[in-house]
Amino acid sequence: MKDKSRSGDEGSGRRRFSLPSNPSRVRGLVERELQFHVEERIEGLMAQGMSRAEAESQVQHLFGDYTRYREEIAGIDTSMIRDQNRRDFAGSLIQSVRLSLRTLLRTPAFTTLVLITLALGIGATAAIYSVVYAVALKQLPYPDPQELVALKHPASVPGSGETKWGLSVAGFHYVDTESKALAQLGAFRTYSATVIENGEASRVPAAAVTSGLVSTLGLNAVLGRSILPSDDVPGAEPVVVAGHSAWVSRYGSDPTLVGRTIDFGGYTARVVGVMRDGAVLPHIDVGATGSTGGAMQRADFWFPMRIDFSSPQSTRTTCTPSADSLRAQQFNKHTPSSHSSQRAFPSSSQLRTAHRSCATTALAQRSRRFAPTLWEQPSACCGLYSLLWESFL
Amino acid sequence: MPVRKEAVPDLEVMYGTLDLLILKTLSWGPRHGLAILLWIHEVTNNRLLIEEGALYPALHRMEKRGWLSAEWGTSDKGRQAKFYSITSQGRQALAAQVKRWSQYTQVVDLLLRARAVP
């Protein structure tokens, strides 16, 4: 045997050198090492005068269980290589990070530029994503939200190009009677109502909804009942469903609220139920994209929206409790809406739209939208609404 | 060869002692496995019982621990052999083991020499 004439400590680099990087080569090397021992030993014994057979059996006896030792050594080496590879990876990672940091520090101007670019890019992406999430990805809090679509009405205003408005009552009626693609249809409007209690008046958020919307959006009552189709018809008893949060905060969750009559400033309505918790209405941007923008509207009182379809030529909604003075506001061809109405409905010059709004401040604007936003639930295909309207026009 | 296989009493103790013997042997310079074994036999006048195969797991375990480093080289007969040498970590381990061994033997010695309490 011969010393390698290399003394002293061997660095980890040298040690690594003796190891295969691939664990599958381990067994072969172990075999080679043990074979060297066995061969040399046999030759040594034969040199002392033994026959080959004698020497082999003697070495076998001296060595012990060859297979067991080989497997044990292979196991040790495999785990050693795995450790070594892991250390190498961590080491090179640290080295790379250090090198990058040093390089970056040597060029501060470039680094600053890169950092600013990255910060702006990430910030912009995050901002865009949060908008996309709210507008497009976040699901509406209703059953089967993927089937809901907003119905609107393309219209052009001189000077401001093509826009989309909410449906008129006639349009709503048309879709309601003619549409084959929609499973359910409902309409709603939100506004402020006045509540007079104990001699004090207060303004509260309110909504007028059709009974169709109640089933479309699952606006069910936790107490009493929600708005029924029988509440929808003109001339029905004036009823109201209290919003859940109003029921809790305003009436202290008093179950006897159901059946009480509330004064809405000259319009009284009997409370027939309490809306389920979390019942909200989407805020739909009628003018532009029609997206909900993620914002939802809460209502303290839910009224039935009564749309009188009996006479399409004088369609009227008697949807909300408000002063009768506002009733039967006439919008004819002098109003901006008449332009588009004419396009949509040939007889629109005669279409008298009685519109009443509790949000008197938004009257003019509301008049254009007239009947609020409509929701529909197509049975099979959604997004057909524009197609529908194209063919309609 | 004076080695009798049935004379291996307890592998656990054997391994521990074997580490010490290997480290001490390698402290004189790099050797391959068989050379370590022959050197131990030579120095101890063949009085130690070592199952030869047990040498190699011990060598590899100490290599994994960083006490030994290994390198393939050529033996004096021209064969490829794996040579082991002790690292600085191995030297520290050797010193610690030598100390522990002498303390252990001292304690055992004390106990064996003790007389019964009157």
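Glu63(B) is buried, at 0% relative accessible area, where buried means under 20%, exposed over 50% and partly exposed in between (1.4 Å probe, protein chains only). The model is predicted, so local features need pLDDT of at least 70 and side-chain atom pairs pLDDT 80 or more, while totals for chains, interfaces and linings use all residues. Residues are numbered from 1 along each chain as its sequence is written, chains are lettered from A in the order in which they are written, and side-chain values use heavy atoms, without hydrogens and water.

Glu63(B) meets Lys82(B) in a salt bridge of 3.7 Å, N to O, the term denoting a side-chain nitrogen of Lys or Arg within 4 Å of a carboxyl oxygen of Asp or Glu. Lys82(B) lies in strand E3 and Glu63(B) in helix H3 of chain B, so the pair ties together parts 19 residues apart in sequence. Lys82(B) is buried as well, with a relative accessible area of 5%.

The side chain of Asp77(A) instead makes a polar contact with that of His60(B) at 2.6 Å.

In chain A, Glu56(A) and Arg52(A) form a salt bridge, with the closest N and O atoms 3.1 Å apart. These two residues are 4 residues apart in helix H3 of chain A, and therefore about one helical turn separates them. Elsewhere, Arg27(A), Glu31(A), Arg70(A) and Glu71(A) are linked in a network of salt bridges. Over all chains, the structure holds 18 salt bridges.

Methods. A polar contact is a pair of N or O atoms within 3.5 Å; within protein, one must be able to donate a hydrogen and the other to accept it, and residues adjacent in sequence count only if both atoms are side-chain atoms.
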